[in-house]
Amino acid sequence: MGRRKVVSVLMVLVWGIVLTLGISCLSLAQEKPTYKVVSDISWPPFEMVDEQGNYVGFDLDVMRAIADLKGYNIEIKDLSFDSIIPAVAAGLADIGASGFTITEEREKQVDFSNSYWTSDQAIIIRADSGLNIATALSSGRKVGAQRGTTGADWIQTNLIDQGIKVELKLYETYPLAVLDLINGNLDAVIQDEPATRASLKKQESLSLAGIIITGEEFGFLVAEGDPKGILPKINQGMAELKASGEWEKLIAQYFGD
Amino acid sequence: MNFLTLDWKTIFPQLLKGTLTTLQLTAIAISLGFVVGILLTLGWLYGNKPIRIFCRGYVDLFRGTPLLLQLFIVYYGLPRYGIRFSPFVAAILGLGLNSAAYQAEYFRGAIQSISQGQMLAARSLGMSEFKAIIHIILPQALRIVIPAWSNELIYTLKYSSVAYMIGTTELMFAGKIIAAKNFRFFEVFLVVAFIYLIVVLIISHFLRMIEKRAKIPGLQMIS
């Protein structure tokens, strides 16, 4: 390459860089911010995939409605439940929306929005197993739960740590635990009550053994200290949705019969 | 990142238990794969037509589909037909049967690299084909195959981590549980990676020693 050629190639490069930077700065100034929402999308009716392959569910529709109200965009990503808090804490995602119970342990890692749902833990069994909530949770039984959930914690702290030798088996997703129960590899599965009711509707071979009243509050979560100032938007958005009646509509859509 | 603030007293035993399960899983699966793999190779090279077709079909099927899918079919799919395994046994079957396909290919390569003349010579000395395979071909092939087979052993050890998806409580699973509990994914996974690395280094060291001792001086290859 001759010297002139080198110079002209350099010029083109420099102009290219300047132009791209300029355009991206301009578009940044004009566009609404986009927040990355992460959710474990295997947990109807809070988060699930519909027949067309869209991500739907109560949590995700609430996220979309708030984003519309508050003037930002969201991008929803599917992530395994136990990876959501680390991802948000590390700044890889902005909002965690996956039916998270607000707990002290989690509060140390992330910040929660106001509570938007109250849930208890439910125990399901195979309908033909002849078990009840007491026998299903006695020594020697195999109980399934999703990894990183409050249901798994409940079995650990209230049964295993108290000397009741149930075998706690942990799964990547809730449907896999349910599948293993149907397959006969488990005696019971513990999970939050609303998701349990949704899976009972679909699986006639399963039945509800009972509810454990835990009174857990669900919240949306963001990184510790809310560096992007998202929490006020979510809290205001929820209040506005409730005031306008939109909230009740979403509840009816996902939890009505 | 701070490794010191992790509760090592409770974490270490869990990781150790997971490591032992990983080692057991790998050892049994690779042995299963070894036996099935040799049978597949012999069937492919010396069997009659139906056996040949079966062996080739097996290798194509297991090499052509993802390991995770095979594990899911064995663990979550088969119970529908009343065949039920524990996560550990399902992982052994999935990993072992998968590894068999790869090992069969390695063995086939090794056997085919031995001069055809040796089989002819053995036959002309009055050995049956079976005897020639056992006494002449396999002893050489098994030595030639050691470097490739070492690879397969190390792969199987590392791919056994996929078994966490069906709830086998191996090293990866132990790491995931610990990390999910204290939200310290990065530190815990680094430690898990380090354990895998150490185990692989030890295994490859031993295999290299075996390879050296089993070397055949002046071995005659394809001519």
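In which loop of chain A does Tyr116(A) lie? Select Tyr116(A) and you'll land in the loop between β6 (110–112) and β7 (117–126) of chain A. (Helices here are DSSP runs of H or I with at least four residues, strands are runs of E with at least two, and both are numbered from the N terminus.)

Before going further, some housekeeping: this is a predicted model, where local features need pLDDT of at least 70, side-chain atom pairs count only at pLDDT 80 or more, and totals for chains, interfaces and linings use all residues. Residues are numbered from 1 along each chain as its sequence is written, while chains are lettered from A and ligands numbered from 1 in the order in which they are written.

Stay on Tyr116(A). Why does it count as buried? Because 20 other C-beta atoms lie within 10 Å, and buried requires 20 or more within 10 Å of a residue's own, with C-beta atoms placed from the backbone. Leaving aside neighbours within four places in sequence, Tyr116(A) is in contact (C-beta atoms, placed from the backbone, within 7 Å) with Phe218(A), Gly219(A) and Met238(A).

Next, colour chain A by domain. Domain 1 is 34–118 + 217–255 and domain 2 is 120–215, with bounds from an automatic or database domain assignment. Their centres, taken over C-alpha atoms, are 25 Å apart. Each domain of chain A puts 14 residues into the contact between them. On the domain 1 side, α3 and β5 (95–101) of chain A each supply at least two residues.

Now show chain B too. Chain A brings 15 residues to the contact and chain B brings 10. On the chain A side, α3 (81–89) and β9 (167–171) give two or more residues each, and α3(A) has the largest share, with 4 residues. By class, that side has 6 nonpolar, 5 polar and 4 charged residues. (Nonpolar covers Ala, Val, Leu, Ile, Met, Phe, Trp, Tyr, Cys and Pro; charged covers Asp, Glu, Lys and Arg; the others, Gly among them, are polar.)

Last stop: select 185–213 of chain B, which is helix α9. Its buried residues include Phe185(B), Val188(B) and Tyr196(B). What do the buried residues of α9(B) pack against? Bring up α3 of chain A, together with α1 (8–46), α7 (146–159) and α8 (171–182) of chain B.

Key:
Contact = placed C-beta atoms within 7 Å. Buried ≥ 20, exposed ≤ 12 C-beta atoms within 10 Å, placed from the backbone. Expected span 1.5 Å × (residues − 1).
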